[in-house]
Amino acid sequence: MSVRVECRDLSVVVEDTALLAPTSFCHQAPGLIALTGPNGSGKTTLLKTLAGRQLPTSGQCLIDGQTPYEFDPGFRATVASLIDTPPIARDMTLLEQLALVRVSWGHDDDAFGAAQQFLDRLTIAQLAERFPFELSAGQLQLFAVALTLSRPSSLLLLDEPERHLDGERVHALLGVVQERVQAGALVITATHRAELIAHTDSQIELEHSVSAV
């Protein structure tokens, strides 16, 4: 499952606005990496570039020596991201949707049983038969985390996964993320929460806000 992520003077400029100042780092699985910095420093832009959804203007971004490309099947089997809200079916229960994700990505376990256990670890097992439109903002955020982590990946990219969550739910989130790291994954998470940063192995700190060029 080992994966290596390397960025060399990576920058993104859109319509004369620098969304990401030149950034360099290198990390290899396993590990939990905090992506920090003020609002507008380019955290989401960096994650989108790593996910193959944003082309860099200059510099280089490599995942296992390859340029990120979200339409490549091998890349999609390696990288899972929670940057925007994932597609959610209004007329399927949480349990049904998680089970469908597991089956779609080739898990050979009891899909419904594994999905129920995952909901339990995220403290929302009692919502298994609910529909997404019945959830609060925090519950919906935990469900989005569950959908993302239910697919196999060796690199996880998370954009403030703790949003809308209270302290107890942040602790549950940290637990499932650490399980993935212990299984050999590299997790890069943009966050402002001190309790998450305190449990990370390293940090990528972005210091510059968005600016005109």
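Analyst: Let's begin with C61: its sulfur is 3.8 Å from the closest cysteine sulfur, which belongs to C7, and that is too far for a bond. A disulfide here needs the two sulfur atoms within 2.5 Å. Keep in mind that this is a predicted model. C61 is buried, with a relative accessibility of 4%. C26 also has C7 as the closest cysteine by sulfur, but at 9.0 Å, again too far for a bond. C26 is partly exposed, at 37% relative accessible area. The disulfide count for the structure is 0.

On to the rings. There are 2 aromatic pairs. In one of them, Y69 and F71 have ring centres 5.7 Å apart and planes at 70°, so this pair is edge-to-face. F71 is exposed, with 60% relative accessible area. F131 and F133 make a stacked pair, with 5.9 Å between the centres and 10° between the planes. Both of these count as partly exposed: F131 has 28% relative accessibility, and F133 has a relative accessible area of 47%.

Definitions and conventions: Residues numbered from 1 in each chain as written. Predicted model: local features only at pLDDT ≥ 70, side-chain atom pairs only at ≥ 80, totals over all residues. Heavy atoms only, no water. Buried < 20%, exposed > 50% of the residue type's maximum accessible area, 1.4 Å probe, protein only. Phe/Tyr/Trp six-rings, centres within 6.5 Å; stacked < 30°, edge-to-face > 60°.
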